[in-house]
Amino acid sequence: CVKDAEMFRDALINYGGFRREDIDMLTNEAASYKAILKALVERREKAQPGDLFVFYFSGHGTLLPDEQSTDIDEKADIEPPDLIPGRYDGAICPVDVDSEINSSGMPWENLLLDDTLAWHFSRFASKGCRVIFISDSCHSGAQARDTSGAEIISKKLDLTKALRSLRNDGGGDDG
């Protein structure tokens, strides 16, 4: 996953016009639940209207039954392998997902649920920023929704063209 993150960072710099100093990378032990949330808040505080914020995650992903979430909002039943068919929140798994310490204080412990990520991304959007969320993990498709909670259809795209297009359409310099 670290090599994937390094390659994505290089693509942002080489093809997307991002500056290295505007890219925060959390890898291995640094990619804990609290560190990821802290980095989101710090980056949001620096964000300006027109900026393009890209959140790239490469690692493990999972599902959590929606009824265990504080936001019971999943609209479609899915049938994941080895789980009971139902409604699930998508989640990314920080490095401390199996820690004895429950950093969230919630039943999902150190999973970063799609609900939490959507809330943080909506804060960027409310500042007039564009947000791109890319998850290279299992169950990534379950994490797609817009700020109103509507599900977004996942799609494949040419990353170089997409980054250039967003930059040319007025995205700022912050990554």
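## Basis

Helices and strands here are DSSP runs, numbered from the N terminus; a helix needs at least four residues and a strand at least two. The model is predicted.

## Asp96

Asp96 sits in a loop, between β3 (88-92) and β4 (112-113). The residue is buried, yet Asp96 has no salt bridge. Its nearest side chain of opposite charge is Lys34, 8.1 Å away. A salt bridge would need a side-chain nitrogen of Lys or Arg within 4 Å of a carboxyl oxygen.

What does Asp96 contact, leaving aside neighbours within four places in sequence? The partners are Ser32, Tyr33, Ser103 and Asn110.

## Helix α1

Helix α1 spans residues 2-16, 15 residues in total. From first C-alpha to last, α1 reaches 20 Å. That is close to the 21 Å expected at 1.5 Å a residue.

Six names make up the buried set in α1: Ala5, Phe8, Arg9, Ala11, Leu12 and Gly16. These residues lie on the same side of α1, because they cover an arc of only 155 degrees around the axis. In general, an α-helix has 3.6 residues a turn, so residues three or four places apart point the same way. Lys3, Met7 and Asn14 are exposed on the other side of α1. Gly17 follows α1 and has a positive phi, near 75 degrees.

## The sheet

Three strands build an open sheet. Their order is β2-β3-β4, with antiparallel pairing. β2 (61-65) and β4 are the edge strands, and each pairs on one side only.

β2 and β3 run antiparallel and are joined by five bridges. Thr62 has Ala91 of β3 as its bridge partner.

Terms used:
Residues are numbered from 1 along each chain as its sequence is written. This is a predicted model: local features need pLDDT of at least 70, side-chain atom pairs count only at pLDDT 80 or more; totals for chains, interfaces and linings use all residues. Side-chain values use heavy atoms; hydrogens and water are left out. Buried means under 20% relative accessible area, exposed over 50%, partly exposed in between (1.4 Å probe, protein chains only). Lys and Arg count as positive and Asp and Glu as negative; His and the chain ends are not counted. Contact means heavy atoms within 4.5 Å. The expected span of a helix is 1.5 Å times one less than its number of residues. The arc is that of the directions from the helix axis to the C-beta atoms. Two strands pair if DSSP finds at least two bridges between them.
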